[in-house]
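User: Could you walk me through the aromatic contacts in this model?

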Amino acid sequence: MLAEVAQEINSLAGSYSVGSLQKFRKDNNSFSRLPSKQLFDLRTVFEDEGYGYHYGGRKELQFNIGIEGDYLRYGIAFSLECSQSLPSIDILVPKISLFNEYISEHAENYFDLRMWHYQDGKRSNDHMPCQISPELVREGTFIFLGCKQIATDVDYAEMMRTFDRLYPLYLFTEKTANLIKYTEFKFSFKSGCSFKRSETSANFKNKILNVKLKHNEMQYQLHKELALEFGADNVGTEIPVEGGSIDLVVKRGDKFWFYEIKTAQSAKSCIRQAMGQILEYSFWSKSYKPEKMVVVGPAQLNMHEKEYLDTLNTWFQIPLEYRVVNT
């Protein structure tokens with residue numbers, strides 16, 4: 001089963017950002033040649049044990065697949081179980097710190113995923129993505145972030161989209177931890193909309209809570225509106241950039257418009273929450289600059305908020321706009 005899953009992932013990987021992982025590992029570690037031609041090498045897929053990870057992942061934040069009862073899990077993980085290939089967890093400790101740094105800033109990008117750990121023979125309950133506590137950073141712990149599907153009915157496109165969403169987190173932990181050299185992130189526009197659930201159930205204090213994933217609904221609606229306005233081939237969601245991914249990008253000839261979605265109940269809060277992200281995504285790299293940046297929220301601008309936005313544009317001369325999306 002897992003060998004077939006790994007082969008299917010490998011066959012699809014070339015169409016996704018995560019497919020460049022082994023090339024990244026070659027460049028980042030100054031290897032003389034590619035460590036593997038595939039994301040999942042059968043040397044690190046263990047059918048009998050029911051799990052597998054990307055080739056080279058033993059000392060990294062690893063892309064991980066596994067069987068859990070009737071389900072196939074997929075995502076990223078830290079395996080702190082020492083072995084011949086990992087005699088000490090020391091190499092992973094600074095990467096866990098970087099994981100925590102990234103999650104502290106970008107946890108909202110993964111709120112539809114789930115996190116859990118296995119320690120001292122016990123599996124924790126699933127919970128929302130969060131920083132890894134110091135108590136978990138010891139030999140023998142397994143920490144996972146991702147999701148799962150029924151093993152007999154796998155949606156591989158959804159799996160690959162999830163891997164792509166997690167890829168910036170992997171790059172941050174590995175590239176920053178290594179510090180061999182800085183590699184400019186290549187901005188690559190791709191049209192389409194990554195469909196995610198707009199509703200899910202979460203178990204919290206033995207109560208089933210319906211959690212509205214408002215962000216996903218707004219992203220889907222915004223994509224639909226802009227695809228009608230500019231053509232579907234010119235609109236894409238979850239476009240990877242240095243440090244994360246842009247919620248939505250519109251391609252206008254050789255120029256781009258960046259859209260960052262927030263779900264706060266006031267336009268002022270949406271602007272506040274989006275500013276750091278959208279400025280970083282827009283200006284951190286020298287290889288791409290947006291012609292326009294748009295904060296997207298559910299609330300209309302009031303008079304004071306419009307004046308505030310005008311002031312930002314006047315004082316800082318940034319092409320910042322606000323757009324309302326109703327779902």
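This is a predicted model: local features need pLDDT of at least 70, side-chain atom pairs count only at pLDDT 80 or more; totals for chains, interfaces and linings use all residues.

User: How many aromatic pairs are found in the whole structure?

Analyst: Rings of Phe, Tyr and Trp (its six-membered ring) pair if their centres lie within 6.5 Å; planes under 30 degrees apart count as stacked, over 60 as edge-to-face and the rest as tilted. Searching the whole structure gives a count of 15 aromatic pairs.

User: Why is the pair of Tyr102 and Phe172 tilted?

Analyst: The two ring centres of Tyr102 and Phe172 are 5.5 Å apart. Their planes meet at 50°, so the pair is classed as tilted.

User: Is Tyr102 buried or exposed?

Analyst: Buried means under 20% relative accessible area, exposed over 50%, partly exposed in between (1.4 Å probe, protein chains only). Tyr102 has 2% relative accessibility, so Tyr102 counts as buried.

User: What is the angle between the planes of Tyr167 and Tyr170?

Analyst: Both Tyr167 and Tyr170 are buried. Their rings form a stacked pair, with centres 5.9 Å apart and an angle between the planes of 10°.

User: Which residue lies over the face of Trp257?

Analyst: A charge sits over a ring if NZ of Lys or CZ of Arg is within 6 Å of the ring centre and within 35 degrees of the ring normal. At 3.7 Å from the ring centre of Trp257, the residue is Lys292.

Technical notes:
Residues are numbered from 1 along each chain as its sequence is written. Side-chain values use heavy atoms; hydrogens and water are left out.
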